[in-house]
Amino acid sequence: DQVDRAILAALCERFGGGPVGLSTLAISVGEQTETVEDVYEPFLIQQGLLMRTPRGRVALPAAWHHLGLTAPPDAGPEGAAPTLFGG
């Protein structure tokens, strides 16, 4: 939906794909941190568009493709495992 796309656009276009902290990302799309984390992130992670890392949220190559953008060569940190909790 519109907020999902706003989150991906902010992550890719404003923050170069990340990593970016949850609070910063939420503020940039005008949502509460809890809403982004509990409502939007699970879907984006499940679809392979976003990853949580210890340093923050990162756009995966599929997110760039979904937005019609070219992913930078280092999109999606090598060896960064997604976490199940905050990050």
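Visitor: In E2, which residue is the bridge partner of Thr-53?
Guide: In this predicted model, Thr-53 is found in strand E1, and that strand, residues 50–53, runs antiparallel to strand E2, residues 56–59, with four bridges joining the two. E1 and E2 form a hairpin with two residues between them. Within this pairing, the bridge partner of Thr-53 in E2 is Gly-56.

Visitor: Is Thr-53 buried or exposed?
Guide: The relative accessible area of Thr-53 is 5%, and a residue counts as buried under 20%. Thr-53 is therefore buried.

Visitor: Which residue has a side chain joined to that of Arg-52 by a polar contact?
Guide: Arg-52 is found in strand E1, and with a relative accessible area of 8% Arg-52 is buried. A polar contact of 2.7 Å joins the side chain of Arg-52 to that of Glu-41.

Visitor: Which residues of H3 make the contact with H2?
Guide: The axes of H2 and H3 come within 8 Å and cross at roughly 90 degrees, which makes H2 roughly perpendicular to H3. On the H2 side, the contact is made by Leu-22, Ser-23, Ala-26 and Val-29. On the H3 side, the residues are Thr-33, Val-36, Glu-37 and Glu-41.

Visitor: How are H1 and H3 oriented to each other, roughly parallel or roughly perpendicular?
Guide: The axes of helix H1, residues 2–14, and helix H3, residues 33–46, come within 10 Å and cross at roughly 80 degrees. The contact is made by Val-3, Asp-4, Ile-7 and Leu-8 of H1, together with Val-36, Tyr-40, Phe-43 and Leu-44 of H3. Angles of 65 to 115 degrees count as roughly perpendicular, and H1 and H3 are therefore roughly perpendicular to each other.

Visitor: Which residue is joined to Gly-18 by a cis peptide bond?
Guide: Most peptide bonds are trans. In the loop between H1 and helix H2 (22–29), where Pro-19 has its place, there is a cis bond with omega of about 10 degrees. The residue that this bond joins to Gly-18 is Pro-19.

Visitor: What pattern does the chain follow along the sequence?
Guide: The secondary structure of the chain comes to four helices and two strands. Read along the sequence, these elements give the pattern α-α-α-β-β-α.

Visitor: What percentage of the contacts in the chain with a separation of 6 or more comes from residues 24 or more positions apart?
Guide: The chain has 87 residues, of which 38% count as buried, and exposes about 5,000 Å², with carbon and sulfur atoms supplying 54% of that area. Among contacts with a separation of 6 or more, the share from residues 24 or more positions apart is 51%.

Terms used:
Residues numbered from 1 in each chain as written. Predicted model: local features only at pLDDT ≥ 70, side-chain atom pairs only at ≥ 80, totals over all residues. Heavy atoms only, no water. Buried < 20%, exposed > 50% of the residue type's maximum accessible area, 1.4 Å probe, protein only. Contact = heavy atoms within 4.5 Å. Areas by Shrake-Rupley, 256 points an atom, 1.4 Å probe, with all protein chains shown as cover. Pairing = 2+ DSSP bridges. Axes fitted to C-alpha atoms, helices over the stretch in contact; angles between N-to-C directions. Parallel < 35°, antiparallel > 145°, perpendicular 65-115°, else oblique. Polar contact = N/O pair within 3.5 Å; in protein donor to acceptor, adjacent residues only side chain to side chain.
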